[in-house]
Protein chains: 2
Amino acid sequence: MKSVKIVGSGTYLPKQVIDNDYFNNKFSLKDDWIYKRTGIRKRYWEDEKNVTQMAVAAVKNAINKYNIDVQQIDCIIACSTTTDKIMPGVSFEIQKELDIKKCMCIDLLAGCSGYINAFDIARKYICLEEVECALVVAVEKVSEFLNYEDINTSIILGDGAAATILKSSKELKIYSQKIESIGQEGHLLTCSYKNKLYMDGKNIYKFAVTKTVDNINDLLKNNNLTLDDIKYIVPHQSNMRIMEAIIKRLNISKEKMYVNLENIGNTFCASIPIALDEMYDKKLLNPKDKIIMIGYGGGLNLGSILLEI
Amino acid sequence: MKSVKIVGSGTYLPKQVIDNDYFNNKFSLKDDWIYKRTGIRKRYWEDEKNVTQMAVAAVKNAINKYNIDVQQIDCIIACSTTTDKIMPGVSFEIQKELDIKKCMCIDLLAGCSGYINAFDIARKYICLEEVECALVVAVEKVSEFLNYEDINTSIILGDGAAATILKSSKELKIYSQKIESIGQEGHLLTCSYKNKLYMDGKNIYKFAVTKTVDNINDLLKNNNLTLDDIKYIVPHQSNMRIMEAIIKRLNISKEKMYVNLENIGNTFCASIPIALDEMYDKKLLNPKDKIIMIGYGGGLNLGSILLEI
């Protein structure tokens, strides 16, 4: 069974920056008030590109930065909560835009934790040697589903896209996942084409803070590891208060959790690969480093991946 | 690596039957004219249940028929082209409705061939021993996306749902897949929340007739098998003319292709598992039989699975 390694990564963020002044003008909410409650100074709301164009921009960024031959890619898995593309899905449109000749395309609908599912499925195709090089793309245009009057969600959420390119590796690399769903609590975070996004912030906080910590501890235990073995936790960038509570409960240093919420906001399922891409750009990740990515959100869905770089 | 076997199967079809008289009244199209061109006498259009309720009804049919303990299910993969459920997805709502305690939920958006993708992903989780029992559900409420004035699509398409339950098998069973996408031709079959379903029937016919035959021949070749080794081809039930052309090009007997289009119509990604469920009900499938399921449609997406029962 083959191991998997990341060979490329890219991001797309919209041109239109929404800083906290926007909410000050609209709701008289001061920058510091928002920052204290969310950890966010700015987010992006797309006003030009559609979901496919956003996804393609992220893929092109990855391809150019890492000098990837697109014809190597034999699998595209796209995930999004806020796509308007139902047939063909975004993955097929990426294939078309990049004119990738031989390829299997899959689209997932999976809430904020969708990237974890997409990454894990891509890894399975690679480790079973049915795919050599997989492109995993997460894209969100949450702004189209926002109730702009709802400060619980509108001050937090932003648009963005990111792509991660995976290949099989001859070196044996540690990989493990723990993905679990709690459909029973699905009503806490909902979105449909008829209704705007709704979040029960209080109960999502409880879910996010307790379940993620249990999930990470289980993942470590399953692999006979402790947090000392982990260089970074790369979580879904939901809200600073949730992330601070997870840091406290895990009893880790602030530096061990990678946070880039301040200048990007919560981009749903795109938040983990955007963070990962920044970490690669900053050269924070080196071979043999072990990281844990953890997604949580709508579904409710929850999942972590232990990955050796 | 574990093998996979089907341990349960069920179907849900709506109460409202739309027979060819409906189109005779609307467009003065005679029953025989429609039947000659499509192979279809009736289809179902849902007017009561939502997509989740349809999916749950199919799952309950499977559970009751095969006496399945739902708490065994540790993975639900739902696929649909026509869901209005974006968060939580249908898989999460099935988990909630059946109150399944420990489970991973995934939703795919994948056009008419989505069941093949969902089945193949479920099989990967089982064969890597990360899942013991997977529920694969395909559900379509195509009637919500129909342009009723477009006789190319409205006389063919119907609503329906089906569930297949997979478990790991101690016996070694043959399994192989060939899934490929052609996003470059995605414009031939499209659907979005803003625009109704559109199909370029002529070019979809060409795609369906040529690519499926090549795909099946490649799958057989990869496994050193011939059509003589295959008991049934179970295709996406698209249109009798397409299926007859495939029969001719494969040079197989009519009996080798399972067809149930006449009384159900084309139910997009639900059509293969509905056909499979009928075949189990009719006791057409026995241990050691080899079948090939083949999906094709929007994306464009195309995929076959060689399965030993």
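Predicted model: local features only at pLDDT ≥ 70, side-chain atom pairs only at ≥ 80, totals over all residues.

Residues are numbered from 1 along each chain as its sequence is written, chains are lettered from A and ligands numbered from 1 in the order in which they are written, and side-chain values use heavy atoms, with hydrogens and water left out.

**Interface**

Chain B puts 53 residues in contact (heavy atoms within 4.5 Å) with 53 residues of chain A. The buried area (accessible area, 1.4 Å probe, that two parts lose on being put together, summed over both) is about 4400 Å², and carbon and sulfur atoms give 61% of it. On the side of chain B, the most area is lost to chain A by Ile86(B), Met87(B) and Leu109(B), together 20% of what that side buries.

The rule finds six salt bridges (a side-chain nitrogen of Lys or Arg within 4 Å of a carboxyl oxygen of Asp or Glu) across this interface. Glu130(A) and Lys124(B) form a salt bridge through their side chains, at 2.6 Å, N to O.

Helices (H or I, at least four residues) and strands (E, at least two) are DSSP runs, numbered from the N terminus. The elements below each supply at least two residues of the side of chain B that touches chain A.

| Element of chain B | Residues |
|---|---|
| β5 | 85-87 |
| α4 | 90-98 |
| β6 | 104-109 |
| α5 | 114-127 |
| β9 | 175-181 |
| β10 | 189-192 |

α5(B) gives the most, with seven residues.

**Cores**

A nonpolar core is a set of buried (under 20% relative accessible area, 1.4 Å probe, protein chains only) Ala, Val, Leu, Ile, Met, Phe, Trp, Tyr and Cys residues joined through side-chain atoms within 4.5 Å. The largest has 102 residues, and Ile233(A), Tyr296(A), Ile233(B) and Tyr296(B) have the most contacts inside it. A second, separate core of 86 residues includes Ile106(A), Ile106(B), Phe119(B) and Leu285(B).

**Ile40(A)**

Ile40(A) lies in the loop between α2 (31-38) and β3 (42-44) of chain A. Ile40(A) counts as buried because its relative accessibility is 0%. Beyond four places in sequence, its contacts include Ile34(A), Ile155(A) and Leu261(A).

Note on methods
Buried < 20%, exposed > 50% of the residue type's maximum accessible area, 1.4 Å probe, protein only.
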